Amino acid sequence: MNDFDNTNPVFADQDYSELALMLVKDDEKPVYKRDILDPQKLDYSLDSLKHIDDCLEIIRTDPPHGNDYLRLVLRYGAYVGEVIKRNSKKEHHWVEHEEAAKFSSTVNGFGKTISTAGILWRDYEIICFPLGKISKFLNNGREDSVYHFSKVILEKEQN
């Protein structure tokens with residue numbers, strides 16, 4: 001298997017854009033501790049990720065389990081990925097794990113978990129895992145800041 005050959009995987013951009021919106025807009029199955037989110041601060045700017053870091057730090061003290069954990073990682077991770085997409089000068093796309101694994105031995109080697117369910121990729125060699133960063137933050141705290149993660153990705157693209 002070649003790492004991203006000449007064909008493109010099927011993109012899941014719309015699905016992840018909707019997941020990001022559901023971070024604050026799903027009243028039927030709201031994200032865990034939604035009340036700590038300030039929708040006014042969630043404007044898809046890089047600085048909005050400082051608020052996400054603050055919320056994740058609070059959540060770490062009493063983390064969710066089961067479906068609440070999955071919903072949180074998916075929605076927060078989708079929001080982080082959308083911030084990267086919208087603030088980048090390069091084109092990024094969401095790709096589901098199964099689809100990306102067809103094109104990348106790296107993704108295939110990781111196996112499918114909640115952390116690798118959605119991959120944000122820019123081209124055949126540059127991919128990142130915003131959902132995985134949420135999981136890492138919940139385990140490790142601010143040393144896995146989503147703000148710094150995204151800032152580094154965006155700054156590297158400037159060069």
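1. In this predicted model, helix H1 (residues 13-25) and helix H3 (residues 66-87) have axes that come within 7 Å and cross at roughly 115°. The crossing of H1 past H3 is left-handed. On the H1 side, the residues in contact are Asp13, Tyr16, Ser17, Leu19, Ala20, Met22 and Leu23, and they meet Leu74, Arg75, Tyr76, Ala78, Tyr79, Glu82, Lys85 and Arg86 of H3. By residue class, the contact of H1 with H3 holds 9 nonpolar, 1 polar and 5 charged residues.

2. Charged residues of this contact deserve a separate remark. A network of salt bridges links Asp13, Glu82, Lys85 and Arg86. Asp13 belongs to the H1 side of the contact, while Glu82, Lys85 and Arg86 belong to the H3 side.

3. A further helix pair is formed by H2 (residues 48-60) and H7 (residues 146-158), whose axes come within 8 Å and cross at roughly 150°. Here Leu49, Lys50, Ile52, Asp53 and Leu56 of H2 meet Val146, Tyr147 and Ser150 of H7. The residues of this contact divide into 5 nonpolar, 1 polar and 2 charged.

4. The largest nonpolar core comprises 37 residues, and the members that touch the most others are Ile52, Leu56, Leu72, Tyr76, Tyr79 and Ile134. Two or more residues come from each of H1, H2, H3, H6 and H7. H3 supplies the largest share, 8 residues. In soluble globular proteins, nonpolar side chains tend to be buried together.

5. Leaving aside residues up to four places away in sequence, Ile134 touches Leu56, Leu72, Val73, Tyr76, Gly77, Val80 and Val146.

6. Helix H6 (residues 130-140) is mostly covered, with 8 of its 11 residues buried. The buried residues of H6 are Pro130, Leu131, Gly132, Lys133, Ile134, Ser135, Phe137 and Leu138. After H6 comes Gly141, which has a positive phi, near 85°.

7. The structure contains 15 salt bridges in total. One of them joins Glu99 to Lys102, with the closest N and O atoms 3.0 Å apart. Both residues lie in helix H4 (residues 97-103), 3 residues apart, which is about one turn of the helix. An α-helix has 3.6 residues a turn, so residues three or four places apart point the same way.

8. The side chains of Arg34 and Asp27 meet at 3.0 Å, N to O. Arg34 counts as partly exposed because its relative accessibility is 24%, while Asp27 is exposed, with a relative accessible area of 60%. Asp47 is bridged to Lys50, the closest N and O atoms being 3.4 Å apart. Asp47 is partly exposed at 49%, and Lys50 is likewise partly exposed at 39% relative accessibility. Lys50 is also one of the H2 residues that meet H7.

Methods:
Residues are numbered from 1 along each chain as its sequence is written. This is a predicted model: local features need pLDDT of at least 70, side-chain atom pairs count only at pLDDT 80 or more; totals for chains, interfaces and linings use all residues. Side-chain values use heavy atoms; hydrogens and water are left out. A salt bridge is a side-chain nitrogen of Lys or Arg within 4 Å of a carboxyl oxygen of Asp or Glu. Buried means under 20% relative accessible area, exposed over 50%, partly exposed in between (1.4 Å probe, protein chains only). Helices (H or I, at least four residues) and strands (E, at least two) are DSSP runs, numbered from the N terminus. Axes are lines fitted to C-alpha atoms, for helices over the stretch in contact, and angles run from 0 to 180 degrees between N-to-C directions. A crossing is left-handed if the near helix is turned anticlockwise from the far one by less than a right angle, and right-handed if clockwise. Contact means heavy atoms within 4.5 Å. Ala, Val, Leu, Ile, Met, Phe, Trp, Tyr, Cys and Pro count as nonpolar, Asp, Glu, Lys and Arg as charged, and the others, Gly among them, as polar. A nonpolar core is a set of buried Ala, Val, Leu, Ile, Met, Phe, Trp, Tyr and Cys residues joined through side-chain atoms within 4.5 Å.
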